[in-house]
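These are my notebook entries on one structure. I record what I looked up, entry by entry, with the criteria used.

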Amino acid sequence: MTYTVAVRELCEFTAKAGDLDLRFTPAPTALEGVAGHTVVAGRRGAGYEREVTLAGDWREGARHLRVRGRADGFDAAAGRLEEVKTFKGRLDRQPASHRALHWAQAKVYGWLLCEARQLAAIDVALVYFDIGSQQETVLTEHCTAEALRAHFDTQCRRFVAWAEQEVAHRAARNAALAALAFPFGAFRTGQRPLAEAVYRAATAGRCLLAQAPTGIGKTAGTLFPLLKAAPGEQLDKIFFLAAKTSGRQVALDALARMAGPPGPGGALPLRVLELVAREKACEHPGQACHGDACPLARGFYDRLLAARAAALATPATATATTTGPLALDQARVREAALAHGVCPYYLSQELARWADVVVGDYHYYFDLGAMLHGLAQANQWRVAVLVDEAHNLVERGRRMYTAELLPGTLHDARRSPTAAAVPAVKKALDRIRRAWAALDKAVEAESLAPPAGADGYVVREDGFPPKLLTALQQGSGSLSEHFAEHPEQADSALQAFYLEALQTLRMAELLGPHSMVDVQRPRGAAPGGSTVCVRNIVPAPFLAPRLAAARTATLFSATLAPTHYYADLLGLPAGHAATEVASPFAATQLQVRVARHISTRWAHRAASAVPIADLMARQFTERPGNYLAFFSSYDYLAQVAEAFARRHPALPHWCQSRRMQEAEQRAFLARFTEDSEGIGFAVLGGAFAEGIDLPGRRLIGAFLSTLGLPQINPVNEQIRARMERLFGAGYDYTYLYPGLQKVVQAAGRVIRTPEDEGVVHLIDDRFARAEVRGLLPKWWVIQQSLNRL
């Protein structure tokens, strides 16, 4: 079998050496890089060829590599092949290891070009383009074809052992996946139709939106068919993306079961990598990521080969607690990393190239600098993407493509040690401050908030304020120069503002109907005290290319209705498929009661506290057990909890608090046992409203004292107006659909297995409306709630 490798991947494997060096230095954005390449190409003659596609073969006996890529440019008249690199700052500060990598890539392209066009010699040039000055620095070597071929041979020989290992691994993996049986016995009711829909989408190369009830095993029901489809569809990777740690753990557990029993020869040869946040993996928090500060960064690339081999090796023995011989979870990666003296976090990033399934957060594939998407594009992988609890991707996508300028961040930067010591930095920050203050004066005059309102609020229909934009562009340039000149100086406050400014500038460049610019100024704030936001409303234009880049993508959740709402906001392709799996639960398992005599509207909340408390107490008395009660805010929760404790002091209850730590959350859930009784008060949309599993008597009911509608405020009203213009359904897209999605998710905590029985109280008269009931699960049979008290 031939192993195909991209030029970039080949050279990053063979030519990287020395320290991991992530000192804070400015780097061009992707857009700046593309623009820089365009400028360089535009300066060349008419015969200049851009992005020359090249491919070649390396053979040695039975060994065979196919190497491919695109050279940046070739000037046939001058006989010069160019590798263009954009940069910011001073070129003489570039680490020697970076330069060596660039030459390695350029010379591989040089040989591929000589071979393709039968050239005896060419000039190979590194063209360094300074984004700031727009100047080029050109480094040229005249190379014979024979010398370039020798360089190519050297790189391929260094890589071929890994390529052979990968070919063998792929063959063994595909053979095992072709024979893989569903490891959980019989499919649960509803699980097979889901799996069949995912498999059909994979074999057709389509995107699928799949709504399936809570409790049927959606994670296993989506992973299994993709694993089965991988050999036939020649999938390189499966990316399982989740919004929360709990979702990632469920996927890891399911994959461990699919991998089979631990021990030599007893498990599926499947490499499953868990990606965790940097702060969870860092062994030396507070240390900078470079060889002078962190021992695990020193000589990182020199020891990477051995660490990578150790992580990917199948153990000779395995214990009963092993999750699988190729489960690259946080513990295993850490063990391999520390045994070889390298950083666990960055070892896991490297292992993403060699894993079959990667389990991580949404942002690894969907945000602007997404690592997994970047690797997939660079290496031309065929990938399948699974998006767990995909209803969360709307809000998460918005956050990924939103940028905020916060006055406190600028305040801290202006008082940083660097600003005090470096006049150019202080001048740049002061210029931004003045432009910001001038903007605030306009906000005060144009504010949409009434005079008695807490905040001034303005939407800039003309785009990002031009004077502030200019100040940010000039200021970020000055800060770039400073960081490039002094990479060893760590100033966290200045860096924080610089990153905030860069993100704002990036999103300002990408402004369109999908986003808006707003300025919010607290009443009484001094000029320069506003928050300036490039607020994404519709993430579809950013998410759509990521979904289209995958061979297949399945977005699944228990709450994806109505489908057109998610298709519009997530950017699903026009030919996407949609499926709704029927519930495996009988209507008799769940009593759904509407309390039509109670209103939870803002104006009625104080009056509603006692009726809600009494309804909860009556239900508890009728059937003692464990319940969850959900409210729209902590304040509302506290109001009802106080009324409940006062009127029913003998009934046990406990409350979610603001900013609960993980240990406190575990303690909250630990009170729900098979033998306990009581009511847990929680906030809708919070940690206990989705992603938790309390089957059997651990949870027998829920009270929903809210429709979950987002607060009516100037921001949401502007979003409503924009949604009305884009989709003709402003209120539904802004308030109704997001609110009821949270309600259904929270209610879904009650029935988790075919044996469960419980009750859900929907407390508000609006739940009786036809347009609301039409968005609730079809299998619910809604009744009148307990008699009015």
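A cavity is taken here, on a 1 Å grid over the protein atoms alone, as a set of points where a 1.4 Å probe fits but cannot get out, and lining residues have an atom within 4 Å of a point. I list the lining as Glu9, Glu12, Phe13, Lys16, Tyr301, Leu304, Arg308, Glu350, Arg353 and Trp354. Helices α1 (7-14) and α9 each supply at least two residues of this lining. By class, I found four nonpolar, no polar and six charged residues. Ala, Val, Leu, Ile, Met, Phe, Trp, Tyr, Cys and Pro count as nonpolar, Asp, Glu, Lys and Arg as charged, and the others, Gly among them, as polar.

Of its 15 lining residues, Cys282, Glu283, Cys289, Cys294 and Cys343 are the closest to its centre. Its lining divides into eleven nonpolar, two polar and two charged residues. Helix α11 gives the most to that lining, with three residues.

I number residues from 1 along each chain as its sequence is written, and side-chain values use heavy atoms, with hydrogens and water left out. For this predicted model, local features need pLDDT of at least 70 and side-chain atom pairs count only at pLDDT 80 or more, while totals for chains, interfaces and linings use all residues. Helices (H or I, at least four residues) and strands (E, at least two) are DSSP runs, numbered from the N terminus.

I checked burial (buried is under 20% relative accessible area, exposed over 50%, partly exposed in between, with a 1.4 Å probe and protein chains only). Eight of the eight residues of α11 (residues 344-351) are buried, so this helix is largely enclosed by the rest of the structure. Among them are Tyr345, Leu347 and Glu350.

I traced eight strands in an open sheet, in the order β10-β9-β11-β8-β12-β17-β7-β18, with parallel pairing. Strands β10 (327-328) and β18 (577-580) stand at the edges with a single partner each, so one side of each has no neighbour in the sheet. Two strands pair if DSSP finds at least two bridges between them. Between β12 (residues 383-387) and β17 (residues 552-557) I noted four bridges, and Ala384 stands opposite Thr552 in β17.

I looked up a cis peptide bond, from Ala561 to Pro562, with omega near -5°. Pro562 lies in the loop between β17 and α21 (563-570). Phi of Gln118 is positive, near 55°; this residue sits in the loop between α3 (96-117) and β5 (121-130) and is exposed, at 68% relative accessible area. Phi of Gln380 is likewise near 55°; Gln380 lies in the loop between α13 and β12 and is partly exposed, at 42%. For reference, most residues other than glycine have a negative phi, and most peptide bonds are trans.

Terms used. 1 Å grid on protein atoms, 1.4 Å probe; cavity = no way out; pocket = protein on both sides within 12 Å on 5 of 7 lines; lining within 4 Å.
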